[in-house]
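Subject: Handing over a structure

Dear colleague,

I am passing on the structure below, and after it I set out what was found. Please have it open while you read.

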Amino acid sequence: MNEYDSDKMADVLRACEGMEPTDKPEEADVILFNTCSIREKAEEKVFSDLGRVRPLKLANPDLLIGVGGCVASQEGAAILQRAPYVDVVFGPQTLHRLPQLLQARRDTGRAQVDISFPEIEKFDHLPTAQTTSGTAYLSIMEGCSKYCTFCVVPYTRGEEVSRPLADVMRDVQELVAQGVKEVTLLGQNVNAYCGTGDDGETVDFAFLLQAIAALEDITRLRYTTSHPREMTQRLIDVYATTPKLVSHLHLPVQSGSDRILAAMKRGHTVLEYKSIIRRVRAARPDICITSDFIVGFPGETEQDFEATMKLIDEVGFDNSFSYLYSPRPGTPAAELRDDTPHEIKALRLKRLQGRIMEQEDGVAQAMLGTTQRALVEGVSKKDAQELAARTDNNRVVNFSGAASLIGGFVEVKITQVVRHTLRGELVANAK
Ligand code: SAM
């Protein structure tokens, strides 16, 4: 989501001010920090990063420095008190106003702060993304209304707001016109999508997926991230009817203990989560499931943690984002008593990650010898002589092939698994 937002910042500045990104901060006319406040001391990191660019501002008084993202949203004008050389402060929902904010700063000589939530206005002011890789992200909804007790997102990004169906479809068509074959639909809880349809009626996420899948030029569809409470049977049925929807579902569960799920205010039980997975697997037997886990939530006992390990064994996950609980100022959980020593939490996290890594290996081994359809995303990060492609179940496979394959689908036979990394051989070009 943050990468997407950073790209949008670059897009608006390119479109309105003719700016281009540079790798050299000393050459920049504008330096922006896109911040995250989901965990840890992101805030402190921003101030140390700002301190590093301050000498550039002293050397070039015309340089403009901006802070965007969720730390900006949380701190607002307080950022200017600690770092008075900052010129603009903007939130995730006001990044489209960057050109005006920069201009106002130039005109008035005063720092500008806009961290409001003007809802969906942002999307009407964003230029079309430019892409050449065959795949693109597309934001379909913003914000979160779930108010899990550990999470800052509803406070920093605002409540859930869905874009109208016609706007999303127009963006997909524009991406298709640039040769995009795969779209990843983005949002905090994409499956909570609830947009206004063409006749003024409300359409759900299952409807949107099918509408996009009906476009001939779209070959593959992904989405991230989703919430178990929004995993409707209508959406599960789309896995049975729509092969373009990939065999990968990222469904955050956070914990395998009902007691902790309730304290987190997740709104579902472990049994309900397992029931969703069972039904998704019935609709799409080869689907890979990935998840998010929070280890060491306040009050998590050894028994609660063992329940999480049991869930991991029962479901079988192919990868996870798993972190220690990090108290976030202003959230209800930050007020809870937390007696578990850090070392114990760290050991739990290590065990959990070790178990998921074993499962991840199992999935990779099972892919050995199979032929996979994959979208060639570019040159391999490990070896510039090789290409990197992404399989339906979200694995990267490296193989030798001509650069002209980038942006298209190929069939690759998986020949080797080296510590989670897949290597393969080109079998054929695919549609
Ligand atoms: N749809 C997702 C869900 O079901 O929760 C929301 C995505 S959330 C913005 C991204 C992930 O960040 C969460 O799934 C959670 O694991 C993690 N996260 C959020 N707040 C956290 C905190 N205070 N400490 C540790 N991890 C946190």
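At what angle do helix H10 and helix H12 pack, and how far apart are their axes? In this model, which is a predicted one, helix H10 (residues 233–241) and helix H12 (residues 270–283) pack at an angle of about 30°, and their axes are 7 Å apart. Since angles under 35 degrees count as roughly parallel, H10 is therefore roughly parallel to H12. On the H10 side the contact is made by Gln233, Ile236, Tyr239 and Ala240, which meet Ile276, Arg279, Val280 and Ala283 in H12. By class, the residues of this contact divide into 6 nonpolar, 1 polar and 1 charged.

Turning to the protein as a whole, its secondary structure comes to 14 helices and 19 strands. The radius of gyration is 23 Å, close to the 22 Å that the globule rule gives for 431 residues, so the protein is as compact as a globular protein of that length. The C-alpha trace spans about 60 × 55 × 50 Å along the principal axes, and 52% of the 431 residues count as buried. Of the contacts with a separation of 6 or more, 71% are accounted for by residues 24 or more positions apart. The protein exposes about 19,600 Å², of which carbon and sulfur atoms supply 51%.

Some single residues also deserve a mention. Asp292, which lies in strand S13 (residues 288–295), touches His250, Pro252, Val253, Gln254 and Phe321, if residues up to four places away in sequence are not counted. Between Asp292 and Arg259 there are 33 residues in sequence and 17 Å in space, C-alpha to C-alpha.

As for the backbone, most residues other than glycine have a negative phi, and most peptide bonds are trans. Against that background, the peptide bond from Thr224 to Thr225 is cis, with omega near 0°, and Thr225 lies in the loop between strand S11 (220–224) and H10. Tyr147, found in the loop between strand S6 (141–142) and helix H7 (153–156), has a positive phi, near 50°, and is partly exposed, with a relative accessible area of 27%. Asn319 has a positive phi of about 95° although it is not a glycine; Asn319 lies in the loop between helix H13 (302–315) and strand S14 (320–324) and is partly exposed, with a relative accessible area of 35%.

Note on methods: Residues numbered from 1 in each chain as written. Predicted model: local features only at pLDDT ≥ 70, side-chain atom pairs only at ≥ 80, totals over all residues. Heavy atoms only, no water. Axes fitted to C-alpha atoms, helices over the stretch in contact; angles between N-to-C directions. Helix = DSSP H or I, 4+ residues; strand = E, 2+ residues; numbered from the N terminus. Parallel < 35°, antiparallel > 145°, perpendicular 65-115°, else oblique. Contact = heavy atoms within 4.5 Å. Nonpolar A, V, L, I, M, F, W, Y, C, P; charged D, E, K, R; others polar. Rg over C-alpha atoms; globule rule 2.2 N^0.38 Å. Buried < 20%, exposed > 50% of the residue type's maximum accessible area, 1.4 Å probe, protein only. Areas by Shrake-Rupley, 256 points an atom, 1.4 Å probe, with all protein chains shown as cover.
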